[in-house]
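Keep the viewer open as you read.

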Amino acid sequence: MSQTAQGAETRITMDRWLNTYIVADGHNGQAATHDVLRRIDRRIAEELPAACARRLGSRFDHAGTAVWRIRELQFDFTVDISMPAAADVAASWSECVAGCIAEIIERGAEDDGILRFADRAAYQAQFALDLAAGRAWSKWYFQEFFSLAALTTSRATREMLTREPEQGVQALLHLVQIARLDEILVVLTDGDAEAIYKQCFGGTAGFYSPEQSFSYSLTELSLWAGRLLEIWNQEPMRPASIAHKDFHDALRWIARLAVRFPDAEIGPAMCAALDGLIELRRVLAALPSAFAADRLVRDLVQQKRSLEHAITLALNQGAVSPENALHFLLKVAESDHDWAAQVAAVLLRDQRPPNHAAFAGESMITPFGGIFLIGPALVKWNQVLEMAIGEGPEKKEIAGFLRYLILAKCLGNSRTLDAMADPALRLLSGCHRSHLEDGRQACLPLDLPFAQMVLLRNLTALTGCEGRCLLVETVSAPSQTGEVILLRDLARDEWIYGAVLPHETAHWEEVLVSALELIRELTGNVPYLLLRPSLATLAESKALQSRADRLVTADPEEISSEAAEVLMLTRCVPASTPPVSVAHLLRPCDQDFAYLSFGNLWPDFDVELDLFGTLIARAALKQFARQPMGFQSSSPDHLCRNFIEGVGIVHDRPERIEVELPRSPLFLVLQLSGLARQAYAVPWLEGREICLLPPGE
């Protein structure tokens, strides 16, 4: 027996109802008695399920979409067969049955004979998983699917999902949400995967053709192509066990898209974009290297090669039937060769085994060529990382991951998903991991409290701060319930202390006292202390007053004469500085912190690890910003947009790594400051030298 609540409709299905009649002596052999019993059987079959559903529906109009499976119920009823309406039992019996089911639902599943699934999609998804594992036909609660038992596992999965295509889509989405879709895809044949793709999602012929491009606007194709690439960029979707199966990839890709964009209408335009990207990926993967793929798409989109010439080149390099794929790219890229190069890099992400070296001796395009400008700062901070990690068999791997984390933070969380697809970051960091979402202690065996203390004891010295004038401010940890406290040395505009605050504000004073004691120990100075208005109550603290030369409140919106006097007294600003310059110095740290933090990107990201990487990333960016004259006060985002972001070329040569820097908006500043031609050795790459060169050299 099953009971399903579907929105406002409650449906009950009885697999089998067995009546055993006990008839009083004198009635057993009478024809009238047998006629009444037959009418009771008929009424039960025709009316009882609907009557039960009505009664349950009125009782559980809030039941949602739960699916219940009840193995067996037993009832005793009494019927006076001498009455004219003896066979009209559906109403009274349904009340009893419905009442019993209602008690079960209210009580919840208590044993193996009563099961609850969150909705129909969860029920079908569980059937598909048990079917793939070879145990579905031994489960009593899958009896409604027993008609499929004679089919192969692949065909039975297909039939179950396509009987009601809209419901089949929901089952596939549920499998994505619980990260188990691949367990189903691995048992599907190519033909069954194709049928599911077409019948459930309305997919087309399964490959892009130029005729499709005339059916949809360029805006539609570009929108869906961008969304699909965003999904792929988060995680390549093809496990090695089902490589080169396009319809499996299509199902995996489209299901994840539907989960990521639940309000988007999945339709033919989306399928056309998906088909085009799958075709393009197949063609690019057949070329000799990622560098060859990049050159091909760039030259085509920049119109350095005609479509016909590009097709011929692709054929000569090993691609099969590249016509449709290159036509799709040429149409969707709209002459943006940098975008086309990023498409190629994203689509080929999974071509390299996870533990393989990032470049393996070849050249590679990177959309963040300027990240190598941060290399010298990363070398400097690597000493702190190694001290923070301590000794252990995984020290090398942890250090590589932390360097990778810091570089990704330098690019800002809005670019992090793109950065995860960029092998240049893995080359520079020496990290072969390609994901940051799992930044938790379980995945990264790092003693974070110890690492944080090592960092805090080195921040002051490595940033060149004397700790004479400190601004104390708090910022909400994105997507976290707590607050982070930051101490900024205003003379150098450096964060020299950071900690996650306890939830009880009464303990904030203790944290700040500990910070001041540490800074005094490291610098020998008693600082002037400026507090944000949100911390104004701490200005009355005796413990803080005894550890500060002076304690004042600093509001960037309304600069007090006392705050301005402190800034001039400590030479953070020259005497008689206009209030607007003082206000700039006291600007809140929220934007910088939000740019560097992964909290909004991944709410479950370890907040302590996030802060650890954020402090080093900002220090590294500040070190770079001081080299070109006039940029020491620039925001991280300004530095990235004008110096770091942009397509560069990395040549991994045997003797050194050469990097052609991007033609960034302020590249001329790099040339004038000598940063466009520099070399530095990287200790974690066995001392190899990285040589930075202007574009085109």
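At 35% relative accessibility, does Arg155 count as buried, partly exposed or exposed, and why? Arg155 counts as partly exposed, because its relative accessibility is 35% and that class covers the range between under 20% (buried) and over 50% (exposed). Keep in mind that this is a predicted model, so the values here are computed from its atoms.

Arg155 has a charged partner: its side chain meets that of Glu159 in a salt bridge, with 3.1 Å from N to O. Both residues belong to helix H4 (residues 153–163), where they sit four residues apart, about one turn of the helix. Glu159 is also partly exposed, at 23% relative accessibility.

Now turn to a pair that spans the sequence. Glu645 and Arg415 form a salt bridge whose closest N and O atoms are 3.1 Å apart. Glu645 is partly exposed, with a relative accessible area of 31%, whereas Arg415 counts as buried at 8% relative accessibility.

A further salt bridge joins the side chains of Arg587 and Asp493, at 3.2 Å from N to O. This pair, too, links distant parts of the chain, 94 residues apart: Arg587 is in the loop between helix H24 (579–585) and helix H25 (590–596), and Asp493 is in the loop between strand S7 (483–489) and strand S8 (494–500). Arg587 is partly exposed at 22% relative accessibility, and Asp493 is buried with a relative accessible area of 8%. Across the whole structure, a search finds 33 salt bridges.

Let's finish with the nonpolar side chains. In soluble globular proteins, such side chains tend to be buried together. Here the largest nonpolar core holds 105 residues, and the members that touch the most others are Ile371, Phe372, Leu487 and Leu512. Take Ile371: leaving aside neighbours within four places in sequence, Ile371 is in contact with Leu407, Cys410, Leu411, Leu425, Leu428 and Ile644. Apart from this core lies another, of 85 residues, including Trp140, Leu148, Ala193 and Phe247.

How values were computed. Residues are numbered from 1 along each chain as its sequence is written. This is a predicted model: local features need pLDDT of at least 70, side-chain atom pairs count only at pLDDT 80 or more; totals for chains, interfaces and linings use all residues. Side-chain values use heavy atoms; hydrogens and water are left out. A nonpolar core is a set of buried Ala, Val, Leu, Ile, Met, Phe, Trp, Tyr and Cys residues joined through side-chain atoms within 4.5 Å. Buried means under 20% relative accessible area, exposed over 50%, partly exposed in between (1.4 Å probe, protein chains only). Contact means heavy atoms within 4.5 Å. A salt bridge is a side-chain nitrogen of Lys or Arg within 4 Å of a carboxyl oxygen of Asp or Glu. Helices (H or I, at least four residues) and strands (E, at least two) are DSSP runs, numbered from the N terminus.
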